[in-house]
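Terms are given their cut-offs where they first come up.

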Amino acid sequence: MSHNTGIRPLPAGLQQIAIEELNEVPARVPDDIIALRKWIQTQPHLCSCLTDQFLLSFLRGCKFSLEKAKHKIDRYYTLQAAIPEVFNEHRIVDDAQTMEILRLGVLLYIPLAEGDSNPAVTIIRVGAYDTSKFKFQDIIRLGSMFGEIMMLEDDNANVSGYVEIMDMTGVSAANLFALQPQLLSKFSLYADEAVPTRQKGIHFINVPTSFESGFNSLRTFFPDKIKQRVSVSSDPEAIFKHVRAEYLPTEYGGSKGSIQDVIKLMETKMLSYRDYFEQSRHFGTNEKLREVDKETNYQNIADFGLDAAILSALMVYINH
């Protein structure tokens, strides 16, 4: 892949956040990108995307610590290799299954207005897919693809972070039993420690009262970090605490068109990344060529992180 030239300028509000919170020095950014690219090119085991915006997302995600950015980008590809059920041949925009899931609206990517400095927003409609037709790993795969698109072009996600709205409408025991705990733990580690965009919160709406009570009974045992990032409510209007109405589809009481309108925009966006996802199939690590000690076997990591805490609450709901 050729290196793209030029760096997308940030709106004034996001630029100020990048300077104050991410240690960004605008005049130094081109040199920082060059330094990270040169390091990657000296690593015989690492084949990475080298475009400016890709590398800049890792620098921002590591608050412009070059050493941390090196480590994170290595882990990014190492951990992808540890999740072959997600990062496989289906991870292309022309895959029929991928496009079918996208058109179901399981994942909604909500674009913010130009100049808005708030965190990016995604809505995950947990009950919107047929568990007899799709596996949880298929849903995660689509999420990973849009996560990369956000990483490459959503400045809000890169600078201010992102929030997830988990809509539990229509969720059945089948949806919850379809969750794959081992996959969830691995992908949680990947999202927390390898992806440079920062999750700022995960908010459940339209939850059954049994799930709400089960979660709240477990909440006291969660670390403060998780308590601050997670909220659970049976009230559908709880979404307005986290997303302004003008950005939401009409089905959520907003004025940003319908869910189908959002899906059409997402499909167009996904198809525009055909070349990137084709090329990304050749990126990764070759452990036989790694010059230092091999990375930990992440498949055996027991630190499940935030998503595993949520999974515990889901299990309470199942057993209620």
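Phe283 is buried, at 15% relative accessibility; buried means under 20% relative accessible area, exposed over 50% and partly exposed in between, with a 1.4 Å probe and protein chains only. This is a predicted model, in which local features need pLDDT of at least 70 and side-chain atom pairs count only at pLDDT 80 or more, while totals for chains, interfaces and linings use all residues. Residues are numbered from 1 along each chain as its sequence is written, and side-chain values use heavy atoms, with hydrogens and water left out.

The ring partner of Phe283 is Tyr77: the ring centres are 6.2 Å apart and the planes stand at 65 degrees, so the pair is edge-to-face. Rings of Phe, Tyr and Trp (its six-membered ring) pair if their centres lie within 6.5 Å; planes under 30 degrees apart count as stacked, over 60 as edge-to-face and the rest as tilted. Tyr77 sits in helix α4 and Phe283 in the loop between α13 (274-280) and β7 (284-285), so the pair ties together parts that are 206 residues apart in sequence. Helices (H or I, at least four residues) and strands (E, at least two) are DSSP runs, numbered from the N terminus. Tyr77 is buried too, with a relative accessible area of 3%.

Another pair joins Phe187 and Tyr190, with ring centres 5.4 Å apart and planes at 50 degrees, so this pair is tilted. Both residues belong to helix α9 (residues 181-193) and are three residues apart, about one turn of the helix. An α-helix has 3.6 residues a turn, so residues three or four places apart point the same way. Phe187 is buried at 13% relative accessible area, and Tyr190 is buried at 3%. The count of aromatic pairs comes to 13. One aromatic cluster is formed by Phe54, Phe58, Tyr76, Tyr77, Phe87, Phe187, Tyr190 and Phe283.

A nonpolar core is a set of buried Ala, Val, Leu, Ile, Met, Phe, Trp, Tyr and Cys residues joined through side-chain atoms within 4.5 Å. The largest one has 75 residues, of which Phe54, Ile73, Tyr76, Phe146, Tyr190 and Met270 touch the most other members. Helix α6 supplies the largest share of this core, ten residues. Apart from this core lies another, of twelve residues, among them Met166, Leu176, Phe204 and Val230.

What does Ile73 touch, not counting residues up to four places away in sequence? With contact taken as heavy atoms within 4.5 Å, the list is Trp39, Ile40, Leu46, Ser48, Phe54, Leu55 and Phe58. Lys70 is found in helix α4 (residues 66-81). Lys70 is buried, at 15% relative accessibility, and touches Leu36 and Trp39, again leaving out residues up to four places away in sequence.

The loop between α3 (52-61) and α4 holds Lys63, and Phe64 lies in the loop between α3 and α4 as well. Lys63 has a positive phi near 50 degrees although it is not glycine, and Phe64, also a residue other than glycine, has a positive phi near 65 degrees. Lys63 is partly exposed at 41% relative accessibility, whereas Phe64 is buried at 11%.

Helix α5 (residues 96-104) has Thr98, Met99, Ile101 and Leu102 buried. Seen down the helix axis, the buried residues of α5 fall within an arc of 160 degrees, so they line one face; the arc is that of the directions from the axis to the C-beta atoms. Their cover includes α6 (136-153) and α12 (259-271). Just after α5, Gly105 takes a positive phi of about 75 degrees.

How many disulfides are there? With a disulfide defined as a pair of cysteine sulfur atoms within 2.5 Å, the count is zero. The closest cysteine sulfur to that of Cys47 is in Cys49, 9.7 Å away, too far for a bond. Cys47 is partly exposed, at 37% relative accessible area, while Cys62 is buried at 8%.

Over the whole protein chain there are 14 helices and seven strands. Buried residues make up 51% of its 320 residues. Among contacts between residues at least 6 apart in sequence, 79% join residues at least 24 apart.
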